[in-house]
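Please read the following walk through one model alongside its sequence and coordinates.

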Amino acid sequence: MNQKITIAINREYGSGGRTIGEMLSKELGIHYYDKEIDKLASEESGVAEALFVKGHESFKAKLLGGPNVYTGKVLDSNDKDFTSPENLFALQAQTLHNLCDREPCVLVGHGAGFVLQDRPNVVRVFVHAPHDYLMEQATLRMSLSPKDLEKYVEKENKRRADYNYYFTGKKWDDAHNYDLALDSSKLGFEKCLEIIKGYMKIRFDGLEF
């Protein structure tokens, strides 16, 4: 790809958003970042990687109140709140900006679409699907009873929605917050990939893959 473009993907659990991101990364020959973002944020800030992982994978909005919208401010390492959830998000946001500056890439989750929303070289994508499709895809990844699996999927998607709202003040599944909202159950992964590429070609003049 001859331009430095970032594709930021948010997705419902079971929608295949992560798979689409990986496919896009391979197709375009650019890096894919998901869990690696936590490692990079740790290396850049000196904060333990486990704190970043816990910050989003175990996020519980009811314990924090909120929202507490990210403003770009980062605390000094000597501040008593340096490892607070809000500052961990800010440190992670710095890493996202650094990646966006450094290279074309695919970013999954981590509030990337909101953090990078004002940058002209960012494409924000939300991948979703009907409940039955999410459950069907989830069964391919987890060996749980139908009842337990449904609880897990609902809990995971609520956590993602709460995390997004707490730090951005915006609804996770609102199409207004994205450039593209794709129903993977109707399109399939390959067509989602082609739509994203097609949108990028139309939006960015002279883009070549």
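How many aromatic pairs does the count come to? The structure is a predicted model, in which local features need pLDDT of at least 70 and side-chain atom pairs count only at pLDDT 80 or more, while totals for chains, interfaces and linings use all residues. Residues are numbered from 1 along each chain as its sequence is written, and side-chain values use heavy atoms, with hydrogens and water left out. Rings of Phe, Tyr and Trp (its six-membered ring) pair if their centres lie within 6.5 Å; planes under 30 degrees apart count as stacked, over 60 as edge-to-face and the rest as tilted. By this rule the count comes to eleven aromatic pairs. One of them joins Phe-59 and Tyr-166, whose ring centres are 5.7 Å apart with the planes at 55°, so this pair is tilted. Phe-59 sits in the loop between helix 3 (49-57) and helix 4 (85-102), and Tyr-166 belongs to helix 7 (residues 146-168), so the pair ties together parts that are 107 residues apart in sequence. Helices here are DSSP runs of H or I with at least four residues, strands are runs of E with at least two, and both are numbered from the N terminus. Phe-59 and Tyr-166 are both buried, where buried means under 20% relative accessible area, exposed over 50%, and partly exposed in between (1.4 Å probe, protein chains only). The two rings also belong to one aromatic cluster, formed by Phe-59, Tyr-70, Phe-89, Tyr-163, Tyr-166 and Phe-167.

Charged pairs come next. Side chains of opposite charge can pair when their charged atoms come close. A salt bridge is taken as a side-chain nitrogen of Lys or Arg within 4 Å of a carboxyl oxygen of Asp or Glu, and the structure holds eleven of them. In one, Lys-197 meets Glu-27, with the closest N and O atoms 2.8 Å apart. This pair links distant parts of the chain, since Lys-197 is in helix 8 and Glu-27 in helix 1, 170 residues apart. Lys-197 is buried, at a relative accessible area of 12%, whereas Glu-27 counts as partly exposed at 44% relative accessibility.

Arg-124 and Asp-179 form another salt bridge, their closest N and O atoms being 3.7 Å apart. Arg-124 lies in strand 4 and Asp-179 in the loop between helix 7 and strand 5, so the pair ties together parts that are 55 residues apart in sequence. Arg-124 counts as buried because its relative accessibility is 14%; Asp-179 is partly exposed, with a relative accessible area of 26%. Salt bridges that share partners join Glu-27, Glu-194 and Lys-197 into one network. A further salt bridge, at 3.2 Å from N to O, is made by the side chains of Asp-81 and Lys-80. Here Asp-81 is partly exposed, with a relative accessible area of 33%, and Lys-80 is exposed, at 75%.

What span does helix 8 have between its end C-alpha atoms? Helix 8 (residues 184-203) spans only 22 Å, while a straight helix of 20 residues would span 28 Å at 1.5 Å a residue; the expected span is 1.5 Å times one less than the number of residues. Helix 8 has a kink of about 75°, centred on Glu-190, the bend at a residue being the angle between axes fitted to the seven residues ending there and the seven starting there. Buried residues of helix 8 are Ser-184, Cys-192, Leu-193, Ile-196, Lys-197 and Met-200. Their cover includes strand 1 (6-11), helix 1 (17-28), strand 4 (122-128), helix 6 (131-138) and strand 5 (180-183).

The cysteines remain. With a disulfide defined as a pair of cysteine sulfur atoms within 2.5 Å, the count comes to zero. Cys-105 is in no disulfide, and the nearest cysteine sulfur, that of Cys-100, is 6.5 Å away. Cys-105 counts as buried, at 0% relative accessibility. For Cys-192, the closest cysteine sulfur is in Cys-105, 20 Å away and too far for a bond. Cys-192 also has 0% relative accessibility and counts as buried.

Note on methods
Contact = heavy atoms within 4.5 Å.
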